[in-house]
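Subject: Handover of a structure

Hello,

I am passing a structure on to you. Please have it open while you read the notes that follow.

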Amino acid sequence: MTLGALMAVTLALAPQSQDRIREQLPNGSRVLVQRVVDRDDFALTLALGFENVPETAESHGMRHLLEHLVATHDGTIDGELERAGCTLTAFTTRDGTTFTISGPADQLPRAFATLDKMIQPTSITQDRVARELVILAEEEAVRPAWARFFDAAMEAAYGPAALNPFGNLEMLGKLPAEQIQTAQARMWGSGAVSLVVEGGIDPA
């Protein structure tokens, strides 16, 4: 089942009478809808596993870079969400990437539309990668010391399998845009997908 179909399932489930709905699809993807009484906001979270996007020392950080490229997409997403009173946050760990849109409950359909837009292929060029690497360098400059210590300890204990999720900016700068574009297409093919909606969901 495609991610778009997964969203449709969630929207179909949300109006049911239960306050909590949990479904697992045949491909392993999971859908959770949690209605919270007296809430007038929502949080819509899409979490992706990395089984289809392996990383090596040569591509270290490509998953984190993809998080940035997907979240920015065509450059209009942040502005559209802000005008609707919504926010988008994203982060990448060793296990996967998570995107969360939150905002007023009546903007949930917009949030689904935004996620649907984010999963559509977006053109990845070397210039665009270079711009994102500047932002990643700014992130790296403010990473806390404990995070660097933890990363070093994990890699010392578990080797290449425990590469830190932030990545190596020097190696990322050498990746061809075509390789990143291919990885973008593959990341949505994973069965390790969870879609979670919680908050004051309108049953109408």
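Of the 204 residues of the chain, 45% count as buried; buried means under 20% relative accessible area, exposed means over 50%, and partly exposed lies in between, with a 1.4 Å probe and protein chains only.

Before the details, some notes on the source. This is a predicted model, in which local features need pLDDT of at least 70 and side-chain atom pairs count only at pLDDT 80 or more, while totals for chains, interfaces and linings use all residues. Residues are numbered from 1 along each chain as its sequence is written, and side-chain values use heavy atoms, with hydrogens and water left out.

The chain as a whole

The secondary structure comes to eight helices and six strands. Helices (H or I, at least four residues) and strands (E, at least two) are DSSP runs, numbered from the N terminus. Along the sequence, the pattern reads α-β-β-β-α-α-β-β-α-α-α-α-α-β. About 10,400 Å² of the chain is accessible surface, and 56% of that belongs to carbon and sulfur atoms; the areas come from the Shrake-Rupley method with a 1.4 Å probe, and for residues only the protein chains shown count as cover. Among contacts between residues at least 6 apart in sequence, 75% join residues at least 24 apart. Contact here means heavy atoms within 4.5 Å.

Helix H2

Why is H2 described as largely enclosed by the rest of the structure? The reason is that 10 of its 11 residues are buried. Among them are Met 62, Arg 63, Glu 67 and Ala 71.

H2 (residues 62-72) packs against helix H5 (residues 126-141) at an angle of about 115°, with the axes 10 Å apart. That makes H2 roughly perpendicular to H5. Axes are lines fitted to C-alpha atoms, for helices over the stretch in contact, and angles run from 0 to 180 degrees between N-to-C directions. Angles under 35 degrees count as roughly parallel, over 145 as roughly antiparallel, 65 to 115 as roughly perpendicular and the rest as oblique. The crossing of H2 and H5 is right-handed; that term applies if the near helix is turned clockwise from the far one by less than a right angle, and left-handed applies if anticlockwise. On the H2 side the contact involves His 64, Leu 65, His 68, Leu 69 and Thr 72, and on the H5 side Arg 128, Val 129, Glu 132, Ile 135, Leu 136 and Glu 139. By class, the contact of H2 with H5 has five nonpolar, three polar and three charged residues. Ala, Val, Leu, Ile, Met, Phe, Trp, Tyr, Cys and Pro count as nonpolar, Asp, Glu, Lys and Arg as charged, and the others, Gly among them, as polar.

H2 also meets helix H8 (residues 177-187): their axes come within 10 Å and cross at roughly 80°. H2 is therefore roughly perpendicular to H8. Met 62, Leu 65, Leu 66, Leu 69 and Val 70 of H2 make this contact with Gln 179, Ile 180, Ala 183, Gln 184 and Met 187 of H8. Its residues divide into eight nonpolar, two polar and no charged.

Two positive phi values

Most residues other than glycine have a negative phi. His 73, which follows H2, has a positive phi near 50°. His 73 is in the loop between H2 and helix H3 (77-83), and at 11% relative accessibility it counts as buried. Asp 38 also has a positive phi, near 65°. Asp 38 is found in the loop between strand E2 (30-35) and strand E3 (41-49), and at 80% relative accessibility it counts as exposed.

Links between separate parts of the chain

Asp 40 is placed in the loop between E2 and E3 and is exposed, at 63% relative accessibility. Which residues does Asp 40 contact, leaving aside its neighbours within four places in sequence? They are Pro 104 and Ala 105. The C-alpha atoms of Asp 40 and Ala 105 are separated by 5.4 Å, although the two are 65 residues apart along the chain.

Asn 27 lies in the loop between strand E1 (20-24) and E2 and counts as partly exposed, at 31% relative accessibility. Its C-alpha atom is 8.2 Å from that of Ala 192, 165 residues away along the chain.

Regards
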